[in-house]
Amino acid sequence: MEIIELADLALKEALKLGATDVSSICVKTNGNLIRFSNNSITVSKNIKNLELFLYLAKDKKRIMGSSSNPNIEEIKKFTSNLIKACEALSPSPDYTPLPRIETQYLSHGFYDQKLAGDEIDLVEFVEGAIDASLRAGANRVAGSLMTSEENLAILTSGNATGQDKRTKILLNVRAFSGDASGHGLSCSSNLKNFNPYEAGKEAGEYAKASINPNPWEEGVYDLITLPTVTADIIQHVGSFASAFAVDSGLSFLADKINQKVSVNDFTLRDYGVIEGGFDGRGFDDEGFPTRENVIIEEGVLKTYLHNSTTAKKFGTSSTGNAGIIDPHPWNLVVDPGSMSIDDMIREVKKGVMVTNNWYTRFQNLRTGEYSTIPRDAAFLIENGKIKHPVVGLRISDSLPRQLANITAISKERRWIKWWEVSVPTLAPSMLIKSVVITKALG
Amino acid sequence: MLLSVIDLAQRLGAEYAETRLHRTKQLGCLLRNGVPEPALIGDAYGIGIRVIHSGALAFSATNDLSKENVKNMVEKAVKRARASSPLLRHRVLLSEEKSIKADWKSEEKKSVDNVDFDDLFGLLKDIDNLIKDGKNDVSFPNRLLASSILLEEKIYINSNGTMMKSRVPRVGFSSYITTFYKGKITTITIPSGYSQLGGSGGWEAIERLEIFDYVEKEAENLSLAVKSEQKPPKEIVDVILGPQVSGIIAHESAGHPGEADRILGREAAQAGESYLKPNDLGIKIGSKEAHVSDDPTIPHSNGFYLYDDEGVPARKRKLIDAGIIREFLHNRATAYEFKISSNGSSRATSYDREPIVRMANTFVEPGDYSLDELFEDVKLGVYIKSFMEWNIDDKRLNQRYVGLEAYLIERGEMKGTVKKPVLEITTPRLWSSVDARGKEVEFLGATCGKGDPIQGIPVWTGGPNMRLRAIRLGER
């Protein structure tokens, strides 16, 4: 059976059993992945799945379920069990009917036949990335290259009918030169915009440039975040914009609508579908059409991200970002600025430039106090020039303070998605003044 | 079906094959300010297949268990392994291990099969009732409580003759709470540090974990902690770390760097490497009081197992013994590289994840001090009982833990609370500063992330109160 037929069967079965609201999503995925380290392939993977996700409500009682590889009989059993479990729940005062859908969904071009199926030669790309890294000065290279094809169908009791198919290719390269390391990545929904050689070269060049780090002192620095770091910061801002997080008291953006939360030059948008982006789709998990949402416009917080339930609570309409429980961003985009990286470096008297980071953790979600660790190439900047590489830094600051202290945004942006950045983000480089950088007691 | 997978892989020329039917069933509940969020039922069931062909490793997984599809997945795995050969500079070989036949499970007095949403939501409502009115003039206007059941069932066989069946149920609780006191808003978690109360076993685990007492006591203590405005001392002080903090340190600063796949560079691109090199067994990393172990066999633990996902018997591993790096965590591939037997550290979270080297229950071993004795000769110090923010670099050298519940110690006595003391310290300095450990070990549940695609695996982190000498703390 086709996935739309499976979704339809689950929808009809649930309605037949008395559900008042049903969102039925069936997803078929095929993914290929090569992991490599020490210039050698370590494992090659293929994962092929079919899954059914069902949300249903009956008498204001709500439940969600997922089922593996459903066939006709299993769908009937699964739906019946879900209804029974739902009937035993307590009604929720937060229950909100699924939206009635009258509009067509935006289409997108996140699909490339060349990335579908299993025939593409990933080994060749891995080899290209490793060679480019080695030529750029690395002596060993690790990474992963993933392609995937996803076909998805949604049907809801609110009349939503949608199908989506997309592909993606993601390469993450980490190059080493002695103890120094550099990171490069390339991600795209199509083969045309995928560049493994550039990602490998970038990683190798950073590794070479960060050999022989010099001492530095902890203190307050102006910080240049290259796109990978910007994307990590921004994905957290995007998640804090979830109305569920706000309503749960877990966001520094709470009570800030129409208030200044950043500088005039900073605008953050979210798109379900955007040209050049990936991972988004034309509808959310409630079947509501996705769209462009301006989260922060010229420094002012304009909206939270909503599903129907949070929208009703906040007295507004859905923004097309459901998650049944927790709304989430699809593709985050920071508007470009006017500077080049070189311009930014020239602006800095005492600063550091960070190429990537990991392990972002918050002390207080309501104040946005957090720290994160630059993990590959990082450089000290003095009097407008890169002075030398540095290691062992920790950015120890807060998101609201950093958003308020952005002094420059680059005109160049790139799409970022990797292990640390789960929300695809079109990120520029940013110059943030007066950031606390700490180091460990040795 | 599983035998036919092995048979086909071998007929296609694989020198090694294994397959795992793996089911993870989940029930999850969220209660927000006393109101239920949609309940969750998850059921993931499928097959994972690993083959080694000409020294190349491949992994295939699917939840389509039709004969034709499974056959196709085996063929694809072998084909992919073969296709790796142009870029295979290092052959994957496995340590020799005894084949086993085993059917094992964790103790389960009240079967999780009989647990329903009434039980899970009922638990959360009872907990919410304990804390909803706040404590000590601190209100808790937002309370997000979560409870879960996770049942793992596996059938595993490999081409070395091992056959194994297992069942491990787990229960878990976690929470996010927003506290409000005189205009100051702080988010906390119970347990602290975004961790969980959890363990393996049936529904009786809820009683064993003493969740109600634990949450009420934590809510009481943390309500006092969030009022604190006292900065930590600027001078060099002694620091006593509570079990929650020593536990996360054991995991991050001793467990992760001791994973042999990191040491060999296999995780370099994402989860990272280690400050330890393959020939670092026997080096000194800490004082004689630094003792860290990992033990999957602890009954009722979150990371409980008796055989790993390569069919190797589990056993306790001493990672740091009196300050000396004593043992790494191994699967069969890393064990081969080190010319030893595997110590059974290979685990996968789901049928569609490859087994990789993982911690189980990593903890600082107990010492022989009471808490009073640890405090006794501290002239000026800070007791960091719990934490929120933490992180560590990918070589596991540079780490930070920021206190949540913390107290000033003066002349051996606990004085008032201290606000957000920051312990930011290198791994050798940390373990070298340990001079005493408490008698009682406490454990918390956690989900540890590693691998690509990422795998969040259930573990325990644990430890006793642990004293560090001569530390300079930072502040937030």
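Accessible areas come from the Shrake-Rupley method with a 1.4 Å probe, and for residues only the protein chains shown count as cover. On this basis, chain A of the predicted model exposes about 15,700 Å², of which carbon and sulfur atoms supply 47%. For chain B the accessible surface comes to about 16,500 Å², with 51% belonging to carbon and sulfur atoms.

In secondary structure, chain A has nine helices and 19 strands, while chain B has ten helices and 27 strands.

Burial and contact patterns were then examined chain by chain. In chain A, buried residues make up 67% of the 442 residues, and among contacts with a separation of 6 or more, 73% are accounted for by residues 24 or more positions apart. In chain B, 65% of the 476 residues count as buried, and residues 24 or more positions apart account for 75% of the contacts with a separation of 6 or more. As to charge, chain A carries 48 positive and 53 negative charges, whose mean positions are 3 Å apart, whereas the mean positions of the 66 positive and 68 negative charges of chain B are 4 Å apart.

The contact between the two chains takes 86 residues from chain A and 89 residues from chain B. The area buried between them is about 7,300 Å², of which 47% is given by carbon and sulfur atoms. On the side of chain B, the residues that lose the most area to chain A are B:Arg32, B:Arg80 and B:Leu87, which together give 10% of what that side buries.

One residue of chain B that touches chain A is B:Pro38, found in the loop between β2 (35-36) and β3 (39-53) of chain B. Leaving aside neighbours within four places in sequence, B:Pro38 is in contact with A:Tyr55, A:Arg62, A:Ile63, A:Met64, A:Ile324 and A:Ile325. Because its relative accessible area is 3%, which falls under the 20% limit, B:Pro38 counts as buried. Between B:Pro38 and B:Gly449, which are 411 residues apart in sequence, the C-alpha to C-alpha distance is 26 Å.

Within chain A, A:Val173 lies in strand β5 and is buried, with a relative accessible area of 0%. Not counting residues up to four places away in sequence, A:Val173 touches a set of residues that includes A:Ala129, A:Ser133, A:Val141, A:Ala142 and A:Gly143, as well as A:Gly182, A:His183 and A:Gly184. Also among the residues touched by A:Val173 are A:Ala199, A:Gly200 and A:Ala203. With A:Ser133, A:Val173 is 40 residues apart along the chain, and their C-alpha atoms are separated by 8.5 Å.

In chain B, the peptide bond from B:Ile190 to B:Pro191 is cis, with omega near -5°, and B:Pro191 has its place in the loop between β8 (184-189) and β9 (197-200). The loop between β8 and β9 also holds B:Tyr194, which has a positive phi of about 60° although it is not a glycine. At 24% relative accessibility, B:Tyr194 counts as partly exposed. A cis peptide bond also joins B:Asp452 and B:Pro453, with omega about 0°, and B:Pro453 lies in the loop between β24 (442-450) and β25 (455-463) of chain B.

In chain A, a positive phi of about 80° occurs at A:Asn159, although A:Asn159 is not a glycine. This residue is found in the loop between β4 (140-156) and β5 (161-177) of chain A, and at 45% relative accessibility A:Asn159 counts as partly exposed.

How values were computed. Residues numbered from 1 in each chain as written. Chains lettered and ligands numbered in written order. Predicted model: local features only at pLDDT ≥ 70, side-chain atom pairs only at ≥ 80, totals over all residues. Heavy atoms only, no water. Helix = DSSP H or I, 4+ residues; strand = E, 2+ residues; numbered from the N terminus. Buried < 20%, exposed > 50% of the residue type's maximum accessible area, 1.4 Å probe, protein only. Contact = heavy atoms within 4.5 Å. Lys, Arg positive; Asp, Glu negative; His and termini not counted. Charge placed at Lys NZ, Arg CZ, Asp CG, Glu CD. Buried area = accessible area lost by both parts, 1.4 Å probe.
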